[in-house]
Amino acid sequence: METLANRPHHFMEAFSPIPPKWVESATHALTFSCPRCGEAASVATAVWINRRAPVYTHNHKRKWQEFYQCECGTAWWAWSSDRPPNPWQVNEPQEETPPSLDPLTGLGDSWGSFEP
Ligand SMILES: [Zn+2]
């Protein structure tokens, strides 16, 4: 009987070329959330992304299987293209926040000098 330990180092397996064991029992989740308890991918205790076998969509974008092990113990997967935008997800590298310059003039906020 294998123990499903919630150890953080599981996240280091995300881009491993070798699929972890729990991936074998994963079921396809069409809603990009746990099919058993409904939790989002952001609470998963382990992640594995099948970068070895990308699939091309009709508009020539690549998608691949993303495997998640939910905190309830259920393993599920979904296509990367089905992932909803997650403003609360902090696992992904974010772009540097640009300085608050006016996109048209490249100048800083000058509205403060105007009287309402
Ligand atoms: Zn779950």
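**View 1. Tyrosine 68 and its partner in the predicted model.** In this predicted model, tyrosine 68 has tryptophan 76 of β6 as its bridge partner. The strands β5 (residues 65-69) and β6 (residues 75-79) are joined by 5 bridges. Their direction is antiparallel.

**View 2. The hairpin of β5 and β6.** Between β5 and β6 lie 5 residues, and the two strands form a hairpin. Glycine 73 sits in the turn and has a positive phi of about 100°.

**View 3. Strand β1 beside β6.** Here β1 and β6 run parallel and are joined by 2 bridges. Histidine 28 is found opposite tryptophan 77, a residue of β6.

**View 4. The open sheet.** The sheet is built from 4 strands, and their order is β1-β6-β5-β2. Pairing within this open sheet is mixed: β1 and β6 are parallel, whereas β5 and β6 are antiparallel. The edges are formed by β1 (27-28) and β2 (46-49), each of which pairs on one side only.

**View 5. The largest nonpolar core.** This core has 14 residues. Those that touch the most other members are Ala44, Phe67, Tyr68, Cys70, Ala75 and Trp76. At least two residues of the core come from each of β2, β5 and β6. The strand that gives the most is β6, with 3 residues. Tyr68 and Trp76, both among the residues with the most contacts to other members, are also the bridge partners shown in View 1.

**View 6. Surroundings of phenylalanine 67.** Neighbours within four places in sequence are left aside here. Phenylalanine 67 is then in contact with Val23, Ala26, Val47, Trp48, Asn50, Ala75 and Trp77.

**View 7. The whole chain, for orientation.** The protein chain has 0 helices and 6 strands. Read from the N terminus, its elements follow the pattern β-β-β-β-β-β. Buried residues make up 15% of the 116 residues in the chain. Among contacts with a separation of 6 or more, 59% are between residues 24 or more positions apart.

Terms used:
Residues are numbered from 1 along each chain as its sequence is written. This is a predicted model: local features need pLDDT of at least 70, side-chain atom pairs count only at pLDDT 80 or more; totals for chains, interfaces and linings use all residues. Two strands pair if DSSP finds at least two bridges between them. A nonpolar core is a set of buried Ala, Val, Leu, Ile, Met, Phe, Trp, Tyr and Cys residues joined through C-beta atoms within 7 Å. A residue is buried if 20 or more other C-beta atoms lie within 10 Å of its own, exposed if 12 or fewer, and partly exposed in between; C-beta atoms are placed from the backbone. Two residues are in contact if their C-beta atoms, placed from the backbone, lie within 7 Å.
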